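Colleague: I would like a close look at one residue and its setting, followed by an account of the rest of the chain.

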Amino acid sequence: MKPVSAWTAAAQLKLESGTLIIEKEFNGYIIKVIFDDYDLWFVVQWKNKGRVAFRAAQAAGSELKLKSLKENPDTIKFLLESFTMRLEVVLSFHDQAKQIFRYTTTIIPLLDVVLPYWPRDIMPLFSTKGKTQNTEGTIHASQVGNRSGLLFFSLEKPQTGSVLYFQNLTALNKFFEATGTSGSDLVGGIWPDIGLKLPVSEDRPLKKGEEYIVSDAFVALSDSIIKDNYQMAKSFLNQLADIYLLLPKPETIYHDWPTIVEKGLADLKEHPGCWKFADGRSYLNAYVSDYKTPPESMVQLAVLLPLMDFDAWSGQAHKDITDTIHDGLENFYDKELGTVVRWLPALQKNLDWSEEQKRPEVMDSWYLHHPLLNLSRLALNGDKLAKKLVLDSIDYVIKVAHHFKYDWPVFYKMATLEVLKEETEEGKGGEKDVPGAYAHLMIQVWQLTGEKRYFDEALKAAKKLDGLGFDIFYQANNTAFSAGALLRLFKETKDELYLNLSYLCIAAILKNVQLWEFGYGYAKNYPTFFSIYPLKDAPYTAAYEEQEVFAGIHTFLREADEVEDILPSLKLLLAECVKFIINRVAYYYPPMLPKEAVAERKGVKTGEIDPNLWIALEDLQDGWQKSGQVGQEVYGAGVAFGILPRQYYKIEKAGFMIFTEYPATQFKINGTTVSFFTRGDERLSFSMVLVPVEKGAKLKSISVTVGKAKESLEIKPVKNKKSLVYFIRGNSNVKVQWKD
């Protein structure tokens with residue numbers, strides 16, 4: 001018997017003796033509305049008689065009275081009252097084709113009140129007899145920090161099914177702001193005390209007569225009990241997509257990315273805080289005005305690759321920057337070790353030991369592979385120096401992999417391979433997505449050389465990911481790259497293990513996003529919906545990792561174009577992820593934020609912050625915290641360079657560019673018509689913006705049609721002074737025609 005809180009034990013007793021006021025059949029489930037004088041419950045009963053109870057209202061210790069209820073075909077509204085507050089609960093069934101219901105609870109205090117405690121709102125039950133503490137279940141995923149307020153669990157004793165419970169925390173922003181609390185770590189618990197628990201507020205009251213939403217829950221039901229990691233990943237993706245379609249979502253706005261790129265290029269080139277001269281060459285600093293830390297290989301390549309992508313797209317050449325970075329790459333090769341290393345070897349003696357990795361010859365496992373991934377990309381594009389550096393390093397990389405049996409620790413000594421830090425936390429293992437990054441590197445070296453031994457290495461490493469569940473996620477960008485590599489392995493081998501592992505990677509990334517908007521504190525000034533957190537426990541989002549996840553999603557979707565029957569929910573969610581990344585990441589640039597939202601000099605961990613500089617802050621924080629506390633990351637300069645080549649299609653002869661929020665592909669120009677296909681799902685839409693190539697130029701007479709041949713329809717734009725904006729459904733064929 002598992003321990004249970006006194007609140008839960010008492011709540012079950014009250015529930016079982018409560019009054020049944022409504023019983024409703026819903027897609028094979030029975031939903032019973034039970035009122036027990038202190039709580040209002042929605043009890044879901046499966047066909048096999050297992051039950052889960054959801055507490056939609058509670059009286060905070062006083063007696064609750066049901067004043068009225070109004071039942072309509074899709075909604076039931078309950079009005080309740082206690083000594084301290086009035087409550088309104090709306091139970092909704094918006095999509096009768098899906099096993100999803102929603103309940104929204106609003107409280108109106110009858111006096112100024114504080115809430116020092118609020119019980120969790122989900123209670124697993126037996127069919128008729130038996131205590132909740134005797135149930136057994138598995139929590140597959142729950143909220144961490146400010147990520148989505150979700151709880152994904154299976155009720156296994158009795159054998160019942162699974163539930164994805166999702167709190168729309170955006171709706172609770174007025175409560176958070178009034179009480180000075182945040183939406184962090186609210187949804188979770190320890191079985192059987194699970195669900196939403198409002199944050200404690202003892203000194204800032206809710207005001208008399210004001211309305212506060214305290215719960216906005218979407219509940220997706222399933223008869224399936226999760227039996228393995230792959231069923232878990234697919235169930236999670238499918239149910240999350242179903243809820244996402246119903247979830248209120250913020251509007252996006254168009255950012256002038258060509259202008260942002262221009263500003264970023266000028267600041268990157270001219271601001272002295274971005275550069276450091278060492279060992280006879282100029283290198284990019286990791287953070288603005290951090291002159292103490294030696295140059296890092298990853299930092300150079302993190303800017304060089306996106307900038308070269310931008311130059312290839314634009315037809316421009318910023319050789320003053322790209323050649324300077326490129327010329328310094330060979331100095332990161334350590335001849336004694338036989339590999340490219342993290343810190344510039346000539347200066348690693350200057351490391352200050354302030355962090356675990358800031359010590360000579362210490363390697364963070366993911367970091368060994370990351371620079372080589374970018375170098376191998378350069379090599380595949382014909383860069384001879386990059387090819388030499390990769391091939392001269394690859395035997396060392398394989399030696400390390402074999403030594404650790406494809407199960408890398410966090411930190412190790414490069415020369416001796418002595419483990420310095422085995423696990424991220426006790427019992428949690430090392431950097432678990434590194435086998436995916438290693439596989440990605442080996443695939444690219446296989447493409448570069450044609451030697452099968454590298455492909456075989458990729459297969460061996462990828463199999464190490466089997467069985468990890470959501471723990472496959474260590475660092476968001478590496479997990480995203482792993483997903484693409486695994487999909488490539490599936491295409492080459494037809495072994496569904498790799499397809500399932502790729503789904504697991506994507507599911508783990510989407511578990512670590514924030515599907516809600518901060519609406520309090522400094523965060524009122526920037527969007528946060530669909531934010532991607534860099535690590536599974538990171539308290540903030542990070543510019544560079546988000547940019548790389550964005551690039552990784554594009555790579556994954558390109559690979560998926562050739563895979564039949566790819567999971568539709570995955571395509572829906574990833575297209576939306578791209579859409580909101582583009583909407584959000586402009587706010588990493590400090591000129592986009594009010595100065596009071598940016599950390600002061602004393603509050604910056606590394607380097608300095610220049611609030612006028614178009615170089616991204618590393619971190620956007622919870623709304624009660626100032627952003628940029630980690631620093632202003634020069635290696636985040638690639639954010640804008642990476643967006644233009646992937647989201648803009650330039651038609652020089654027509655004098656305009658096509659910007660799409662969704663990933664688009666198959667661009668073809670035929671005379672005065674350009675056609676393309678948009679990814680995503682037709683149940684959701686995105687904006688397409690037509691902007692002139694030359695600033696101030698007028699757009700030509702343009703028509704836009706969507707659909708195939710005879711089924712195509714012309715759509716009209718929303719006009720503004722500088723552009724034409726169209727709203728288009730995902731998964732569409734689009735034609736843009738102009739007059740010369």
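This is a predicted model: local features need pLDDT of at least 70, side-chain atom pairs count only at pLDDT 80 or more; totals for chains, interfaces and linings use all residues.

In which strand is V33 found?

Modeller: V33 lies in strand β2, which covers residues 29-35. The relative accessible area of V33 is 1%, so the residue is buried, the cut-off for that word being under 20%. Once neighbours within four places in sequence are set aside, V33 is in contact with T19, L20, I21, I22, L40, W41, F42, F78 and L91. For a distance to check, take V33 and V44: they are 11 residues apart along the chain, and their C-alpha atoms are separated by 9.0 Å.

F42 and F78 belong to one aromatic cluster, together with F26, F54, F93, F101, Y103 and Y165. F93, another member of the cluster, also has a charge over its ring: the charged end of K24 sits there, 5.0 Å from the ring centre. A second case of this kind involves K249, whose charged end sits over the ring of Y244 at 4.6 Å from its centre.

Over the whole structure, a search finds 44 aromatic pairs. One of them joins F175 and F176 in an edge-to-face arrangement, with 6.2 Å centre to centre and 75° between the planes. Both residues of that pair are buried: F175 has a relative accessible area of 1%, and F176 has 0%. Another edge-to-face pair is Y406 with Y438, at 5.9 Å centre to centre and 65° between the planes. This pair links distant parts of the chain, since Y406 is in the loop between α8 (384-403) and β23 (411-413) while Y438 is in helix α9 (residues 434-449), 32 residues apart. Y406 and Y438 are both buried.

The sheet to look at is an open one of five strands, in the order β29-β30-β33-β37-β36, with antiparallel pairing. Its edge strands are β29 and β36 (718-719), each of which pairs on one side only. At the β29 end, strand β29 (residues 648-651) pairs with strand β30 (residues 656-660) in the antiparallel sense over four bridges. I651 has F656 in β30 as its bridge partner. The hairpin of these two strands has four residues between them, and G655 takes a positive phi near 80° there. Further along the order, strand β33 (residues 685-692) and strand β37 (residues 724-729) run antiparallel and are joined by six bridges. F686 has I728 in β37 as its bridge partner.

As for the chain as a whole, it contains 15 helices and 38 strands. Its radius of gyration is 27 Å, close to the 27 Å that the globule rule gives for 740 residues, so the chain is as compact as a globular protein of that length. The C-alpha trace spans about 80 × 65 × 55 Å along its principal axes. Of the 740 residues, 61% are buried, and V33 is one of those in the buried class. Among contacts with a separation of 6 or more, 68% are between residues 24 or more positions apart. The chain exposes about 29,100 Å², of which carbon and sulfur atoms supply 48%.

Definitions and conventions
Residues are numbered from 1 along each chain as its sequence is written. Side-chain values use heavy atoms; hydrogens and water are left out. Rings of Phe, Tyr and Trp (its six-membered ring) pair if their centres lie within 6.5 Å; planes under 30 degrees apart count as stacked, over 60 as edge-to-face and the rest as tilted. Buried means under 20% relative accessible area, exposed over 50%, partly exposed in between (1.4 Å probe, protein chains only). A charge sits over a ring if NZ of Lys or CZ of Arg is within 6 Å of the ring centre and within 35 degrees of the ring normal. Two strands pair if DSSP finds at least two bridges between them. The radius of gyration is taken over C-alpha atoms; the globule rule is 2.2 Å times the number of residues to the power 0.38. Contact means heavy atoms within 4.5 Å. Accessible areas come from the Shrake-Rupley method with a 1.4 Å probe; for residues, only the protein chains shown count as cover.
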